[in-house]
Amino acid sequence: MTTLKSTLQEDLNAAIKERDELRSSTLRLTLAAIQKEEVAGKEKRELSDDEVQKVIAKEAKKRREAAEAFEQGGRAEQAQREKAEGVVLDAYLPQQLSDDELEQIVAAAVAEAAGAGAEGPRAMGAVMKIVNPKVAGRAEGGRVAATVKKLLAG
């Protein structure tokens, strides 16, 4: 059974052989972030596939934020590179939920929380507890929170 980390390593080797500079540099940085996470703390450990996926998601988010910052700063070429790196990383993440799918999951959670007596903006925490396990890795926390706030506001 191959792990996500070994898949990344194999893809890095293939990218190097193909002289694909963008893929190889993106995968190198991602593997370095994974390695850094493995040695963080008191003792070294091997990350599970879920933990590796979280690191990849964090790296992809960094790329999106950097692309936005470069666009605002008028550096279109740099923004394009960051976006391209984000696309490379997205291939290793689960399919993201569409806005409609996310809204359906959140609406069901709001109804469930209302059934338990939590209503209005104060129900945010209760709804997030219900939604987060269902959308783990398939929707960014900020997107989820914005959808929850929108549906709780009515």
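The model is a predicted one.

Two packed helices are described by the angle between their axes and the distance between the axes. Take α5 (residues 99–115) and α7 (residues 141–153): their axes come within 10 Å and cross at roughly 55°. That angle makes α5 oblique to α7, and the crossing is right-handed. On the α5 side, the residues that meet α7 are D99, L102, E103, V106, A107 and V110. Their partners in α7 include R143, V144, T147 and V148. Sorted by class, this contact has 8 nonpolar, 1 polar and 4 charged residues.

Now for α6 (124–135). The axes of α6 and α7 also come within 10 Å, and they cross at roughly 135°, which makes α6 oblique to α7. This crossing is right-handed too. Here M124, V127, M128, V131, N132 and V135 of α6 meet V144, A145, V148, K149 and L152 of α7. The count for this contact is 9 nonpolar, 1 polar and 1 charged.

In soluble globular proteins, nonpolar side chains tend to be buried together. In this model, the largest nonpolar core has 19 residues, and L102, V127, V131, V135, V144, V148 and L152 have the most contacts inside it. Helices α5, α6 and α7 each supply at least two residues of this core. V148 makes a handy example: leaving aside residues up to four places away in sequence, V148 touches V106, M124, V127 and M128. Apart from this core lies another one, of 15 residues, with A33, L47, V52 and L93 among them.

Technical notes. Residues numbered from 1 in each chain as written. Predicted model: local features only at pLDDT ≥ 70, side-chain atom pairs only at ≥ 80, totals over all residues. Heavy atoms only, no water. Axes fitted to C-alpha atoms, helices over the stretch in contact; angles between N-to-C directions. Helix = DSSP H or I, 4+ residues; strand = E, 2+ residues; numbered from the N terminus. Parallel < 35°, antiparallel > 145°, perpendicular 65-115°, else oblique. Left-handed = near helix turned anticlockwise from the far one by under 90°. Contact = heavy atoms within 4.5 Å. Nonpolar A, V, L, I, M, F, W, Y, C, P; charged D, E, K, R; others polar. Core = buried A, V, L, I, M, F, W, Y, C linked by side-chain atoms within 4.5 Å. Buried < 20%, exposed > 50% of the residue type's maximum accessible area, 1.4 Å probe, protein only.
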